[in-house]
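Q: I would like to learn how to read strand pairing and aromatic contacts in a model. Could you walk me through an example?

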Amino acid sequence: MHQQGENTRALGLPAEPAPPQPPLRAPVHRSTTYEFTTSQDYADVLADEAPGYSYARIDNPTATAFASATAAMEGAGCEREVRGEAFASGMGAVSTVLLALTGAGAHVVASRSIYGNTYSLLDGLLRRFGVHADFVDITDTEAVRAAVRSETAVVFTETLSNPTMTVSDLPGLARIAHRAGAALVVDSTFATPAVCRPLEHGADVVVHSATKYIGGHSDATGGVAVGGAEPMHEVRSARIDLGPCLAPDEAYLLHRGLETLPLRVARQCESAAAFAAAVVGHPAVERVDYPGLPGHP
């Protein structure tokens, strides 16, 4: 038998054996490509006709684990199936969701107090491609209802706006959106599923900048979107085509953050309430935007 050369042997080293005791912490899967027995097996996975992984931009086991874990937390009170998709950043999630749910000639009704880059996305880049947006006082349901028209595809808001802490009436907005045949998309970064789960209140898709509270350690950038099977099918297709995939190392760190999220958010809320109460009457403070204060609208 012909002996293989050292280069060939180096490429075919023995695989790492599976540990006899399952590890409590899942590994980080950094591989960009995967082994298949036949080309048909590869084609079936690539076409979503068989489960598996084909290429890192399309799916990665570590990113899938993070997205699925977030979906489990956001969908805890939902009877319908909830799916998740992971992204390289929060704006990657927001951009992909909006591109997936709109098209040329579509209309978006959005909160006037949304995150700055979301505003510029709607008022700049998407407008160039024929998606038009009206920005309204999202707390005025009559203004929202008046802004909706036949072309409205999405009503977009934030559970708690960044940074002015405007609180959205999610059930009311869901009723308005659904009567118009539009989707309610909610950026719930500031609330997290530890405070509010918008899917339980009628939202169709929820997005997060996981860089903030979900990650919690200022060491990973990422985003995530969760929702029902139908809208998330469109979001997944757009994610694959656009390419804002979450890297496996960041996915691992963000998944770690989910495990301590309820504990951290409870303490953060406690600290924020104490700070707001302490400064609300200070002569150097013009106003305090904190929903827990009695004077907050």
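Q: Which residue in S4 is the bridge partner of Val 108?

A: Happy to start there, with the reminder that this is a predicted model. The partner of Val 108 is Val 154 in S4. Strand S2 (residues 107-111) and strand S4 (residues 152-158) run in the parallel sense and are joined over four bridges.

Q: In what order do the strands of the open sheet come?

A: Read across the sheet, the order is S1-S7-S6-S5-S4-S2-S3, seven strands with mixed pairing. At the edges stand strand S1 (82-87) and strand S3 (132-136); each has a single partner strand, so one side of each lacks a neighbour in the sheet. Ignoring direction, neighbouring strands are turned by 20° against each other on average.

Q: Which strands does H3 touch as it packs on the sheet?

A: H3 touches S1, S6 and S7, and its direction makes about 135° with that of S1. Helix H4 (residues 90-101) lies across S1, S4, S5, S6 and S7, and runs at about 155° to S6.

Q: Now the rings, please. What describes a pair of aromatic rings?

A: Two values do: the distance of the centres and the angle of the planes. This structure holds four aromatic pairs. In one of them, the ring centres of Tyr 34 and Tyr 53 are 5.9 Å apart with planes at 35°, so that pair is tilted. Tyr 34 sits in the loop between helix H1 (6-11) and helix H2 (39-46), while Tyr 53 sits in the loop between H2 and helix H3 (61-74); the pair thus links distant parts of the chain, 19 residues apart.

Q: What kind of aromatic pair do Phe 190 and Tyr 213 form?

A: Phe 190 and Tyr 213 are edge-to-face, at 6.1 Å centre to centre and 65° between the planes. Phe 190 is in the loop between strand S5 (183-187) and helix H8 (192-195), and Tyr 213 in the loop between strand S6 (205-209) and strand S7 (223-228), so the pair ties together parts 23 residues apart in sequence. Phe 190 counts as partly exposed at 22% relative accessibility, as does Tyr 213 at 28%.

Q: Over the face of which residue does Lys 212 lie?

A: That residue is Tyr 115, and Lys 212 is at 5.9 Å from the ring centre.

Notes. Residues are numbered from 1 along each chain as its sequence is written. This is a predicted model: local features need pLDDT of at least 70, side-chain atom pairs count only at pLDDT 80 or more; totals for chains, interfaces and linings use all residues. Side-chain values use heavy atoms; hydrogens and water are left out. Rings of Phe, Tyr and Trp (its six-membered ring) pair if their centres lie within 6.5 Å; planes under 30 degrees apart count as stacked, over 60 as edge-to-face and the rest as tilted. Helices (H or I, at least four residues) and strands (E, at least two) are DSSP runs, numbered from the N terminus. Buried means under 20% relative accessible area, exposed over 50%, partly exposed in between (1.4 Å probe, protein chains only). A charge sits over a ring if NZ of Lys or CZ of Arg is within 6 Å of the ring centre and within 35 degrees of the ring normal. Two strands pair if DSSP finds at least two bridges between them. Axes are lines fitted to C-alpha atoms, for helices over the stretch in contact, and angles run from 0 to 180 degrees between N-to-C directions. Contact means heavy atoms within 4.5 Å.
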